[in-house]
Amino acid sequence: MSHLVLRQVAKEFGSVRVLHGIDLEVRDGEFVVFVGPSGCGKSTLLRTIAGLERASSGEIRLDDRLVNDVSAADRGLAMVFQSYALYPHMSVRQNLAFGLENSRMPRDEIDRRVMEAARMLLIEPLLSRKPRQLSGGQRQRVAIGRAIVRRPGIFLLDEPLSNLDAELRVVMRAELAALHKRLNATMIYVTHDQTEAMTLADRIVVLRDGRIEQIGTPLELYNNPANRFVAGFIGSPRMNFIEAEAVPVADGIGVQVNGKQQSLPHRDIALGSKIVIGVRPHSATVTSVDEGMIPLELTLVEQLGAETILHGRTDRGDIFTVSAPGQRRYAIGERIGVVLPAEALHVFDAEGMALPRG
Amino acid sequence: MSALSTFLLRRRGGAGWHWTDVLAYVWLGIGLVLMFGPVLWLVVSSFKTPANLAEFPPTFRPLDAQVARVQGYDQPLPLFRVMLDDGSEKVLAQVRRVGIMAQMVDPQNPGAVIRVPIDKRIPVREIKLATENYAEPLQQFDFLRYFQNSVFVTIMATLITLVVNSMAAFALSKYEFKGRTAVLGIILATLMVPLSVIVVPLYLVVNSLNLFDTLWGVILPTVATPTGVFLLRQYMLTIPDELIDAARMDKASEWQIYWRIVLPLAAPALAVLAIFSVMWRWNDFLWPLIVLSRKEHYTLQVGLNAFSGELNVQWHYVLAMTVLSIVPVALIFLFLQRYITAGIANTGLK
């Protein structure tokens, strides 16, 4: 278990700046997930923490020790790679033991730790196999096992589940969560999959273009996204955005959409300003065209069993998604109405920053 | 037998002979003759006597004139099949030849000398393997010594080649440093410099290092090969960087990364380079000839050269020892054939 502090960490590759002044603190035993679209710098940030990349500027502190100039080997961290990076010419046992041998640990201690990790991950019968004789899920376990035997201060996981099929991913996700609890370890996990981030994280760090957009618990990010990017990135299906103009309505300030007024309980809305209203598909409700605030012409109906996801086009041509509970029949081309409940609306200003609720 | 015939008569798809089948077999047949004809000729000829070798037109089989000891003559006399005047055929021994007449005796009745025109007689010959072609140089000349020298040079040069080239390839493929492409370019550019161009400066270097007339003087200048560096580098580029990152996280030193991760994973390319290096060093002639001056330091190829005198070439010895000198390389090829083809296919080298 280790405590990690990043202060104004930046990274440049030549003239390209991929990380801009990252400030972050990861506490002991915390499970932090870096999430963001590809190319946002999340993997680079992880590799910089690992010591595989040198920070161009800023400070990296592990347990209050400045480690900028400490090599990856001596930072006491372990990493699980996206491709697992198991040594193909070594058996599972050798793969697990390699790191321990390099730190000149006595043989019996190595064996003890390897067996312990193998038992924990249920890979005991596989110890003498080569990586190519393992399935994807088994390789994944070995890769995690290789990190566990090291008893690292922090586990760094770089998209570890992205090579697994959907079903196995869910299983491994649960196992990772259980493992985190059991080891009480500090883990930093990189993914582009917001579902993984939501289910695993104690705290999520949303990155875009080398900058931290927001840090918070999964629900904080879901309920109070700091900006339009986070709002769109967290939550599935994506949040809907409607461009509008702030106008005076009966009970304060609101918007006028399709001739219908909707008051907004948010502060700091300047009258006449361009704003963007965000509404999650699960917050909006489906009704008839006449009752709804926004009429939709359905373009796609996804029957998921427990709910029905409706994709439609507004009269302005924007795509809008809404979830209807249960199984109801809709035809493509059918017109429905959508009601926007005021308390579930997010409002963003012209720069995309969220406006606080009143 | 039936397995062999089905193998040899294997055809494309159906039962009939398609014209492409015929073409393929003709092509393969030509290839077989082109590839194995000279080798077969070499092996067969190495068992011929000097007289048989000098014959024109040459015979394919190693034939040897038959001789018989005849009472009253000290030397064994060559036997001939003679067509006598009365039309009968008889085997006679030739005593001497005078002009176009030969004086011959019947081995069973050595008293009477029969005069026979030389165009009426054909030498009696049998297939005989002249194994003394092999035995004599192995006893009289120091061929085993040459062989040992060659083995030593080949093995040491190959080992050092593998280590040195793989280190260079590792650095060039896995480390980012200024001038990396320039270094690689320079290394590759040396491919265009033939040995004959640098032979004099190389000789001066070797001489001033006191390596002249030593086996190390043969070995050391050859160990850094641009081909090897390039081949290994191309292969190592295919080793994922994540593996090396993983090893770094596993507290492996750079040496351990090289020795325990990269080298085992580059084994197919190393095998290819090893085979090439063995062939190059084993067949090397010019450079050892320049460096080595004392006979006991000769390698096989240089030693073989000793059979070519200024006036006379002892072809029978040259041929026999050439056969011996290609046996090790042939054996290596035989056993490593699979790795060679797979390795060459993988490394993209032809």
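Modeller: Happy to! A residue counts as buried if 20 or more other C-beta atoms (placed from the backbone) lie within 10 Å of its own, as exposed if 12 or fewer do, and as partly exposed in between. This is a predicted model, in which local features need pLDDT of at least 70 and side-chain atom pairs count only at pLDDT 80 or more, while totals for chains, interfaces and linings use all residues. Residues are numbered from 1 along each chain as its sequence is written, and chains are lettered from A and ligands numbered from 1 in the order in which they are written.

Let's begin with Asp64(A), which is exposed, with 7 other C-beta atoms within 10 Å. Asp64(A) sits in the loop that links strand E4 (57–62) to strand E5 (65–66) of chain A; strands (E, at least two residues) and helices (H or I, at least four) are DSSP runs numbered from the N terminus. Although Asp64(A) is not a glycine, its phi is positive, about 70°. Most residues other than glycine have a negative phi, and most peptide bonds are trans.

Gln8(A), also not a glycine, has a positive phi too, near 50°. Gln8(A) belongs to strand E1 (residues 4–13) of chain A and is partly exposed, with 13 other C-beta atoms within 10 Å.

Further along, the peptide bond joining Ser236(A) to Pro237(A) is cis, with omega near -5°. Pro237(A) is found in the loop between helix H8 (228–233) and strand E11 (240–249) of chain A.

Now for the packing. Leaving aside residues up to four places away in sequence, Ile188(A) touches, among others, Val26(A), Phe34(A), Leu46(A) and Leu156(A); touching means C-beta atoms within 7 Å.

Finally, the side facing the neighbour: 16 residues of chain A are in contact with 14 residues of chain B. Strand E6 (78–80) and helix H2 (92–102) of chain A are the elements giving two or more residues to that side of chain A, with H2(A) providing the largest share, three residues.

Key. Two residues are in contact if their C-beta atoms, placed from the backbone, lie within 7 Å.
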